[in-house]
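Subject: Model handover

Hello,

Here is the structure I promised to pass on. Please open it alongside this note. My findings follow below.

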Amino acid sequence: PHLTLARIKYTKGNARENFENLKQELSSIPSIDAGFFQVGSVKLIQSVLTPEGSIYKALGESPLGQNS
């Protein structure tokens, strides 16, 4: 399973301003009760939408709860 936290269609203009706008939008989303589940890692995935469907590329992964 996955959870999309944000979808950024393009980045145009000031990156700092874009980030602040994103934070403001995210803060307006009401919280939900999703129950409890274990998360082993967080992955950053890039998706490119094409007429044939989405193309996904893993940009990075960070394991959680593990001592290195």
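The mean pLDDT of the protein chain is 82. Residues at 70 or more make up 85% of the chain. Among the elements, β2 has the highest mean pLDDT, at 92. Helix α1 has the lowest, at 81. Where pLDDT is low, the predicted coordinates should not be read in detail.

Now the overall layout. The protein chain has 68 residues. They include 1 helix and 2 strands. Along the sequence the order is α-β-β. Helix α1 covers residues 15-27. Strand β1 covers residues 41-50, and β2 covers 53-63.

The surface numbers come next. The accessible surface of the chain is about 7,100 Å². Carbon and sulfur atoms account for 55% of that surface. What share of the residues counts as buried? The figure is 0%. As for contacts with a separation of 6 or more, 9% of them link residues 24 or more positions apart.

The strands

β1 and β2 run antiparallel. They are joined by 10 bridges. Together they form a hairpin, with 2 residues between the strands. Gln46 has Lys57 in β2 as its bridge partner. Leu44 stands opposite Gly60 in β2.

Back to Ser62. This residue sits in strand β2. Setting aside residues up to four places away in sequence, Ser62 touches Ser41 and Val42. Gly40 is 22 residues from Ser62 in sequence. The C-alpha atoms of Ser62 and Gly40 are 8.8 Å apart.

Ser47 is the other serine I looked at. Its place is in strand β1. Which residues does Ser47 contact, leaving aside neighbours within four places in sequence? They are Arg7, Ile55 and Tyr56. Arg7 is 40 residues from Ser47 in sequence. From C-alpha to C-alpha, Ser47 and Arg7 are 9.1 Å apart. Ser47 has 32% relative accessibility, so Ser47 counts as partly exposed.

The helix

How many salt bridges does a search of the whole structure find? The search finds 1. Lys23 forms a salt bridge with Glu20, and the closest N and O atoms are 3.5 Å apart. Both residues lie in helix α1. They are 3 residues apart, about one turn of the helix. Why is Lys23 classed as partly exposed? Its relative accessible area is 41%, and the class runs between 20% and 50%. Glu20 is also partly exposed, with a relative accessible area of 34%.

The nonpolar patch

One more item for your attention. Phe37, Val39, Val42 and Leu64 make a nonpolar surface patch. The patch comes to about 370 Å². Val42 is also one of the residues that Ser62 touches. Where is Leu64 found? Leu64 is in the segment after β2. Its relative accessible area is 37%, so Leu64 is partly exposed. Patch residues need over 30% relative accessible area, and Leu64 has 37%.

As a predicted model, please view the coordinates with the pLDDT values in mind.

Best wishes

Methods:
Residues are numbered from 1 along each chain as its sequence is written. This is a predicted model: local features need pLDDT of at least 70, side-chain atom pairs count only at pLDDT 80 or more; totals for chains, interfaces and linings use all residues. Side-chain values use heavy atoms; hydrogens and water are left out. Patches are made of residues with over 30% relative accessible area and no salt bridge: like charges are joined within 9 Å, nonpolar side chains (Val, Leu, Ile, Met, Phe, Trp, Tyr) within 5 Å. Accessible areas come from the Shrake-Rupley method with a 1.4 Å probe; for residues, only the protein chains shown count as cover. A salt bridge is a side-chain nitrogen of Lys or Arg within 4 Å of a carboxyl oxygen of Asp or Glu. Helices (H or I, at least four residues) and strands (E, at least two) are DSSP runs, numbered from the N terminus. Buried means under 20% relative accessible area, exposed over 50%, partly exposed in between (1.4 Å probe, protein chains only). pLDDT is the predictor's confidence in each residue, from 0 to 100. Contact means heavy atoms within 4.5 Å. Two strands pair if DSSP finds at least two bridges between them.
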